[in-house]
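Subject: Structure handover

Dear colleague,

I am passing on the structure we discussed, and I would be glad if you could look through it alongside the notes below.

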Amino acid sequence: MATATARRRLREQPLAATIALTIVGYALVIGTFLLDLPIYPDLTQGQVNLLTHAIAVINAATTVFLAAGWYWIRAGEVEKHRLSMITAFVLILLFLVVYLTRVGGGGDKLFVGPDPVYYAYLIMLAIHIILSIVAVPVVLYALILGLTHTPSELRNTAHAKVGRIAAGSWILSLVLGVVTYLMLNHIYSYEFGIVIGPLF
């Protein structure tokens, strides 16, 4: 009964649910970066490296499922599209857990390389981060509509339009994330930095 009520509320108020979930997600990320939350384990440099590699694998897998979902909907395979997009969303939740654990428990890795490459790295990283932030509410809105409406009902919603924006920005963000990972960890070098607790 509670599940049916929650589903009905999501269906009737997808924008309100999107806003609420976005605020929760942003608060968790901002809290990890700006506050010294005692919820993360202290990590060794080896564990930070392991989690960094895991994040890259998760991001690459998410990109594959997003691209597959895009392909399947264009091919008219609605159920395969739906499963691909849900899998991509579950993977991004896994990414969030691993990423926040790495940042909250082990500090950061700072790029070391020639100046022109360093600036290119920073530009790609900035675009990756901005797209990640912007994509959250768009992805959530498309997902909520997709989960609470039938395929025929979705034709009368903004799901297709919002979904294209969500998938496009999400895929570009993930690809840039993987490229910057390769630059930082395999092509050039890095130094370990420490996240210094509260910034205020």
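Predicted model: local features only at pLDDT ≥ 70, side-chain atom pairs only at ≥ 80, totals over all residues.

Taken along the principal axes, the C-alpha atoms fill a box of roughly 55 × 35 × 25 Å, and 36% of the 200 residues are buried.

The unreviewed UniProt entry places the feature "transmembrane region" at residues 15-35, 50-73, 85-105, 117-144 and 165-184. Among these spans, residues 85-105 are 100% helix and 0% strand in the model, with end C-alpha atoms 30 Å apart, while residues 165-184 are likewise 100% helix and 0% strand, with their end C-alpha atoms 28 Å apart.

Helix 5, which covers residues 115-148, deserves a separate word.

The largest pocket holds about 1,400 Å³ of space. Its lining consists of 46 residues, and those nearest its centre are Val29, Phe95, Tyr99, His128 and Ser132. At least two lining residues come from each of helix 2 (14-34), helix 3 (45-74), helix 4 (78-106), strand 1 (108-112), helix 5 (115-148) and helix 7 (159-187), and the largest share, 14 residues, is supplied by helix 5. Sorted by class, the lining of the largest pocket has 34 nonpolar, nine polar and three charged residues.

The second largest pocket holds about 780 Å³ of space. It is lined by 29 residues, of which Ile73, His81, Leu154, His159 and Ala160 are the closest to its centre. Helix 3, helix 4, helix 5, helix 6 (151-154) and helix 7 are the elements that give two or more residues to this lining, and helix 7 gives the most, with seven residues. The lining of the second largest pocket divides into 16 nonpolar, seven polar and six charged residues.

With best regards

Key. Residues numbered from 1 in each chain as written. Heavy atoms only, no water. UniProt positions renumbered as here; feature names shortened; annotations may be inferred. Helix = DSSP H or I, 4+ residues; strand = E, 2+ residues; numbered from the N terminus. 1 Å grid on protein atoms, 1.4 Å probe; cavity = no way out; pocket = protein on both sides within 12 Å on 5 of 7 lines; lining within 4 Å. Points joined across faces, edges and corners; volume = space filled by probe spheres on them. Nonpolar A, V, L, I, M, F, W, Y, C, P; charged D, E, K, R; others polar. Buried < 20%, exposed > 50% of the residue type's maximum accessible area, 1.4 Å probe, protein only.
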